[in-house]
Amino acid sequence: MNPQTDILCELCDFLYPRSPYSGEFKPEHLVFNAKLQDFSQRVSYICSLQTGGKLSPQEAYKQIQILWKQLKSSKQDLGIS
């Protein structure tokens, strides 16, 4: 494998960590788990930006609220109760 590709893979794994799914296996649960992990990662970035003074608390709240609505919508679209 190309050394540059290895570095990019490691960087991607660092920036976007994923945990294996260990719940009841259903395709919709697996998809929702991936979306939930993405939500968690994005909220973490937003919180870090707000803590570092790059985002106002109001802007951070708005962005997290938008992400929450998207997650909630995807849960409904997948038919998970």
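Reader: Is Asp77 buried or exposed?

Author: The model is predicted. Exposed means over 50% relative accessible area. Asp77 has 64% relative accessibility, so Asp77 counts as exposed. The residue lies in helix 3, which covers residues 57-78.

Reader: How far apart are Asp77 and Glu28 in sequence and in space?

Author: In sequence, 49 residues separate Asp77 from Glu28, and their C-alpha atoms are 9.6 Å apart in space.

Reader: Which residues make up the largest nonpolar core?

Author: A residue must be buried, under 20% relative accessible area, to count in a core. The largest nonpolar core here has 9 residues: Phe32, Phe39, Val43, Ile46, Leu55, Ala60, Leu67, Leu71 and Ile80. Helix 2 (27-51) and helix 3 are the elements that give two or more residues to this core. Helix 2 supplies the largest share, 4 residues.

Reader: What does Phe39 touch, leaving out residues up to four places away in sequence?

Author: With those left out, Phe39 touches Ile64, Leu67, Trp68 and Leu71.

Reader: Which residues make the nonpolar surface patch?

Author: A patch takes residues with over 30% relative accessible area. Leu8, Leu11, Phe14, Leu15, Tyr16 and Tyr45 make a nonpolar surface patch of about 610 Å². Helix 1 (residues 3-15) gives the most to the patch, with 4 residues.

Note on methods
Residues are numbered from 1 along each chain as its sequence is written. This is a predicted model: local features need pLDDT of at least 70, side-chain atom pairs count only at pLDDT 80 or more; totals for chains, interfaces and linings use all residues. Side-chain values use heavy atoms; hydrogens and water are left out. Patches are made of residues with over 30% relative accessible area and no salt bridge: like charges are joined within 9 Å, nonpolar side chains (Val, Leu, Ile, Met, Phe, Trp, Tyr) within 5 Å. Accessible areas come from the Shrake-Rupley method with a 1.4 Å probe; for residues, only the protein chains shown count as cover. A salt bridge is a side-chain nitrogen of Lys or Arg within 4 Å of a carboxyl oxygen of Asp or Glu. Buried means under 20% relative accessible area, exposed over 50%, partly exposed in between (1.4 Å probe, protein chains only). A nonpolar core is a set of buried Ala, Val, Leu, Ile, Met, Phe, Trp, Tyr and Cys residues joined through side-chain atoms within 4.5 Å. Contact means heavy atoms within 4.5 Å.
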